[in-house]
Amino acid sequence: MAPEHEILTWERFGEAVQHLARQVVDSGYEPDLILSVARGGLALGMGLGYALDVKNLSAVNVEFYTGVDTRLPVPIMLPPTPDVVDLAGLKVLIADDIADTGLTLQHVQEFCAEAVAEARVAVVYTKDRSVVRPDYAWKSTEAWIDFPWSASAPLVTRKR
């Protein structure tokens, strides 16, 4: 049986970004840097950067999912990665599209842990099974999410 799907439109994504930004503001957290988890967290990081007036944006590329509910055994951080020295002492907001298993976010948290002053996590969606409880989430679901940036098939298939 195919997993239940939820379709996120660009319009609803915009609402999610504003909702998440409001949560961050209301909590009193003032990040120095937004660290987006590529690829899914890039749009969220950009949107939060504008909404929170944070111009210091960076990204980490973590490969884990290989298809609908299929993944590698463990998350793998791909180059280029930010130098942790550049994160030293900063308050970081980690942005990703979803906390599904949470293993990707856990990997990024561990990457940041020894360098940053504080790291918090913002996601569009979270699932109960996630090993990471995001500090900020727009919606909780158990469905597979069809995000607007990945709803259509790629125009090309690259050899890996």
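Where does aspartate 53 lie? The legends below, which all refer to a predicted model, begin with that residue.

**View 1. Aspartate 53 and its backbone in the loop between H2 and strand E3.** Aspartate 53 lies in the loop that runs between H2 and strand E3 (57-67). Its phi is near 55°, which is a positive value in a residue other than glycine. With a relative accessible area of 63%, aspartate 53 is exposed, since the cut-off for that class is over 50%.

**View 2. The peptide bond between alanine 38 and arginine 39.** The peptide bond leading from alanine 38 to arginine 39 is cis, and its omega is near 10°. Arginine 39 is located in the loop between E2 and H2.

**View 3. The crossing of helices H1 and H2.** The axes of helix H1 (residues 10-27) and helix H2 (residues 42-51) come within 9 Å of each other, and they cross at roughly 55°. That angle makes H1 oblique to H2, and the crossing in which H1 passes H2 is right-handed. On the H1 side the contact is made by Phe13, Val17, Gln18, Leu20 and Ala21, which meet Ala43, Leu44, Gly47, Leu48 and Ala51 of H2.

**View 4. The aromatic pair of tryptophan 10 and tryptophan 149.** A search of the whole structure finds six aromatic pairs. In the pair shown here, the rings of tryptophan 10 and tryptophan 149 have their centres 5.7 Å apart and their planes at 55°, so the pair is tilted. The pair links distant parts of the chain, with tryptophan 10 in helix H1 and tryptophan 149 in the segment after strand E8 (144-146), 139 residues apart. Tryptophan 10, at 52% relative accessibility, counts as exposed, whereas tryptophan 149, at 29% relative accessibility, counts as partly exposed.

**View 5. The aromatic pair of phenylalanine 13 and tryptophan 149.** Tryptophan 149 also takes part in an aromatic pair with phenylalanine 13, which is edge-to-face, with 5.1 Å from centre to centre and 80° between the planes. This pair, too, links distant parts of the chain, as phenylalanine 13 is in helix H1 and tryptophan 149 in the segment after E8, 136 residues apart. Phenylalanine 13 is buried, with a relative accessible area of 6%, and it is also one of the H1 residues that meet H2. One aromatic cluster is formed by Trp10, Phe13, Tyr125, Trp138, Phe147 and Trp149.

View 6. Tyrosine 29 is found in the loop between H1 and strand E2 (33-38), and at 4% relative accessibility it counts as buried. The C-alpha atoms of tyrosine 29 and phenylalanine 111, which are 82 residues apart along the chain, are separated by 21 Å.

Note on methods: Residues numbered from 1 in each chain as written. Predicted model: local features only at pLDDT ≥ 70, side-chain atom pairs only at ≥ 80, totals over all residues. Heavy atoms only, no water. Axes fitted to C-alpha atoms, helices over the stretch in contact; angles between N-to-C directions. Helix = DSSP H or I, 4+ residues; strand = E, 2+ residues; numbered from the N terminus. Parallel < 35°, antiparallel > 145°, perpendicular 65-115°, else oblique. Left-handed = near helix turned anticlockwise from the far one by under 90°. Contact = heavy atoms within 4.5 Å. Phe/Tyr/Trp six-rings, centres within 6.5 Å; stacked < 30°, edge-to-face > 60°. Buried < 20%, exposed > 50% of the residue type's maximum accessible area, 1.4 Å probe, protein only.
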